[in-house]
Amino acid sequence: MAYPYVSDHEVRVLSKHFGDPSHRRIGTYVERGGYGAVKKAFEMGPAQVIDEVKGSGLRGRGGAGFPTGVKWSFMPKDSGKPHYLLCNADESEPGTFKDRELIRWNPHQLIEGCLIGAYAIGAKHAYIYCRGEFFEANSILARAVEDAYEQGYAGKDILGSGNDIEITVHQGAGAYICGEETGLMNSLEGRRGQPRVKPPFPAAVGAFGMPSTINNVETLAAVKHIVDNGGDWYRQFGTEKSPGTKLFCVSGHVNKPGNYELPLGFPLIKLIEEVCGGIRDGNALKAVIPGGSSVPIINAEESSRCNLDYEGCEEVGTMLGCASVIVMDDKTDIVKQVRRMVDFYAHESCGQCTPCREGSSWTAQILKRIEYGRGTEEDLNTLMEMTQQMVGTTICVLSDSVAAPVQSSIEKFREDYLSLIRRDEKVGAA
Amino acid sequence: MADMVNVTIDGNEVSVPKGTTVLEAAKTIGTEVPHYCYHPGMSSPAMCRLCLVEVEGAPKPMPGCVTTVMEGQVIHTQSDQALKNRRGVLEFYLVNHPLDCPICDMSGECNLQDYVHAEGREQGRGIEPKRVFGRDDFGGDVLFYGDRCVMCTRCVRFMSEVEQDHRLTVVERGNRSVIDTFFEEGLEGTHWHGNIVDICPVGALVSKDFLHKARAWDLAHTPSICDCSQGCNISLHTRDNLVQRIKPRENLDVNAWWLSDLCRMDYEWMNRGDRIEAPLDRSKGGSKVLGWKEALESILRATERSEGSVKAVASARASNEDLAAFKRLVKGLGGGEIVYRSPRIEKDIPLKGFPQLAVRRDRAPNTTGANIMGMIRVGDDSATGGLEDIAGHDGIVLVLGDALEDQPNTFGANAKLYVYVGQHESAATTSAHFVLPTTTKAEGEGTFTNYEGRVQRFWRALDPPGMARPAWLVLGALAAELGCGEVVRSAADSFAIMGVDAFAGITYADIGDRGTVINEIVLVTGV
């Protein structure tokens, strides 16, 4: 047993050195073959790097699952403007804790990924936007960047190749919405952290008004290994449409919560039962949120036939998101759980779009009323109809994130709501 | 044209220039898509989400304010999806917007009222308590009712993009977001902040000056022209025969949608009660009220008796028609130079985001008109002094529109004939042999010529007090009797017979409510 829990089912590529503090040191990292991928990428040339990543089938690990190589190829070829690579390390989705670990245990892996990514898209500057509350991760990352500069792996004329790539670590100030790609850009530029209207898309007008690409920490970390070992090697893990390994952040009522790196397509029930050692106290499974709090909740039956890849989750009506599996046993008060999540979104809504600004807090108010036994059945209809108005009507998808757990929980756990609502009637009758 | 795009909006095929937004394209078929955050004079953040329209082929409803039309697009602004969305968004607005319409100044001209009435739910579903911000004094003329705010951020964008003085911002996030000023600075000292009250779609930003003064539906609106040489297009909002407030009137050639605070607050003079209400004859001592016919005949008889040269004072606040009639009268009496005085401020105060608009240095609406007619500016920048040789003149003294507030009561005491034509009396009018009451710009029709030579019309908003008549009518009749010009019965005819080259060939119909540039711009800067 090492880093909190490990499992034999794991395929540890990105998380290989989790739990080993010595790996943070640049010396150890280079000794173990670090920064080899950068050299290799410089020899391959940007187009080849993009092709290799395209070939690997790597999909964005931030939640949307967009193919990374394709995203990179959107960058203009001869814009004459500076390009920027942004690394989204503002990991704020409730239930997610993979990026923090990737930075804490293996900061150079990320830096190397950033260098490759920046090189591939023709950027001379990479920004790592790190969540404000990650104090330890921030200081580790800052130290690692300093070391990389000192050893000539970043800055001017990297490894004598003539390539200049600056790396800046930017510490956020603690807003969920700054993890949205355009909100992050605004925040980075010193504006209010509010998502921008798209189009224009970041590849045309991104950070500082220049063509930019934004990638998740895990995506860029995986890029290092793809360049090292080739796209075909990466494809041996996972499924046809969702290749590769993925860090699963399992939290909730399991015996061994934690980060587990598994090939995509891993069955959810196997993850809970075998990898995480089953549900606490031998309780029955009630519900799972497989991709972080903003995806639809699924019940035990759906969980039993859910495979953890982008397509498998869609089949049972939810999303893989950033693979933050929140497991709930049969002692869980679903209404309270959903209310708690909606409270979070109401608090974190940036306040631009009306449906989100007003809808999220209204939803939270109604849920609170139901939770305290003062709801009515009509409230459920109102919630369903009102949250429908919050889907696809706003600039970013934060309001969709409010709608997903509310709608799915009312559909699948209506009895939980009704028992709270009926309690009120019983009290009244007595 | 190559740069036109053909689209179908609600079944109507329209052709609009490339780059036109859906919202503007819909206007061409007379459809106003409801919106809050969009304002044609500022950037569009697309955040109110009210103008979402259905575009065939698009996966989601598109915001009409930032979506530019593309060839062959089929757009529905009134489809089920669009209406459902608007209904939903309007309900969201009412989650926290107080229903205090009965005590809200915006009531009656409020977009939220109108939209909800037209497309909203019949019955609200919100029973939750609303969040409360209370009121805040933003400084200047602006009071902020935070509870009513719909967070369109037009005011923030006006201050940062148009006035370019960052005085407002949004603080906090989510539904705790609220507009605020920076520390104690507020809007004090800015020159255009009144516009944020105009562009606020609800009653969140209200004018302190207008607070609880009148209900919007009781106000009559009359197009008019503002009182500085910029010639901003304004609307006089009147009730009980008083001007209650001034609002800007859209004219992209002059002031677009904006109006300075200085001009906005300059209306009380139109409501003064101490007006001259009847023609007065003081030539035989005392003060005798005359009928108009009698008064004009008496003045004509007096001119026959009076000898000596004519000296005349006009006003740059008088209309082109008034000044032309005055000039004809002076000519009929044997000529003589006409002077005028006008106030000036230190320098132009331009609106940075729309620099062709400024609070002009010249604080009178018709200095250009006076200059074109050869009148000469005298006196200082406070519109005082400069009349020394007229005050003691022993011939004929004529005054039009200048109340002579700074002059002593001996003004015109030596004159053989002193006729004062104006709205108010002052110490300097006591020696006048005849006093004739005339109307202000709010009480009659006419035209002003602005600093760039644009001649613009104003209309009658108030009833004149007592027997007050437009100066062009009274002075024109006198001049006609003296053989200069003819008798006219309307401001339009009066304009037509002015006989000033710069205005030749222009008619009231040409000017319309947008104005027109005069033939030959004769800009004489005066003293």
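**View 1. A:Ser251 and its bridge partner A:Ile326 in β11(A).** The model is predicted: local features need pLDDT of at least 70, side-chain atom pairs count only at pLDDT 80 or more, and totals for chains, interfaces and linings use all residues. Residues are numbered from 1 along each chain as its sequence is written, while chains are lettered from A and ligands numbered from 1 in the order in which they are written. Strand β5 (residues 245-252) of chain A runs parallel to strand β11 (residues 324-329) of chain A, and four bridges join them. Strands are DSSP runs of E with at least two residues, helices are runs of H or I with at least four, and both are numbered from the N terminus. Two strands count as paired if DSSP finds at least two bridges between them. With strand β6 (residues 258-263) of chain A, β5(A) pairs in the antiparallel sense over six bridges. Seven of the eight residues of β5(A) are buried. Buried means that 20 or more other C-beta atoms lie within 10 Å of the residue's own, exposed means 12 or fewer, and partly exposed is in between, with C-beta atoms placed from the backbone. Strands of a sheet pair through backbone hydrogen bonds, either parallel or antiparallel.

**View 2. Helices α15(A) and α17(A) packed side by side, with axes within 9 Å.** Two packed helices are described by the angle between their axes and the distance between the axes. Helix α15 (residues 354-371) of chain A and helix α17 (residues 398-412) of chain A cross at roughly 30°. Axes are lines fitted to C-alpha atoms, for helices over the stretch in contact, and angles run from 0 to 180 degrees between N-to-C directions. The pair is therefore roughly parallel; angles under 35 degrees fall in that class, those over 145 are roughly antiparallel, those from 65 to 115 roughly perpendicular, and the rest oblique. The crossing of α15(A) past α17(A) is left-handed, that is, the near helix is turned anticlockwise from the far one by less than a right angle, whereas clockwise would be right-handed. On the α15(A) side the contact is made by A:Pro355, A:Cys356, A:Gly359, A:Ser360 and A:Thr363, and on the α17(A) side by A:Leu398, A:Ser399, A:Val402 and A:Val406. Contact requires C-beta atoms, placed from the backbone, to lie within 7 Å. Five of these residues are nonpolar, four are polar and none is charged. Here Ala, Val, Leu, Ile, Met, Phe, Trp, Tyr, Cys and Pro count as nonpolar, Asp, Glu, Lys and Arg as charged, and the others, Gly among them, as polar.

**View 3. The loop around A:Gly174, between β3 (166-171) and α8 (181-188) of chain A.** A:Gly174 is partly exposed, since 13 other C-beta atoms lie within 10 Å. Apart from neighbours within four places in sequence, A:Gly174 touches A:Gly132 and A:Glu133. A:Ala137 is 37 residues from A:Gly174 in sequence, and their C-alpha atoms are 14 Å apart.

**View 4. The eight-stranded open sheet of chain B.** The strand order is β15-β14-β23-β22-β21-β16-β17-β20, with mixed pairing. β15 (288-289) and β20 (376-377) of chain B each have a single partner strand, so one side of each lacks a neighbour in the sheet. Strand β14 (residues 280-281) of chain B is antiparallel to strand β23 (residues 434-437) of chain B, with two bridges between them. One bridge partner pair is B:Asp281 with B:Phe434 of β23(B). Helix α7 (residues 292-305) of chain B lies across β14, β22 (417-422) and β23 of chain B, at about 140° to β23(B).

**View 5. The three-stranded open sheet β24-β25-β26 of chain B.** The pairing is antiparallel, and β24 (446-449) and β26 (516-517) of chain B are the edge strands, each paired on one side only. Strand β25 (residues 454-458) of chain B is joined to β26(B) by two bridges, and B:Arg454 stands opposite B:Val517. Helix α8 (residues 320-332) of chain B packs on this sheet, touching β24 and β25 of chain B, with its direction at about 95° to that of β24(B).

**View 6. The contact between chain A and chain B.** Each chain contributes to it: 25 residues come from chain B and 25 residues from chain A. On the chain B side, helix α2 (residues 80-96) of chain B supplies the largest share, seven residues. That side divides into 13 nonpolar, seven polar and five charged residues.

Conventions:
Contact = placed C-beta atoms within 7 Å.
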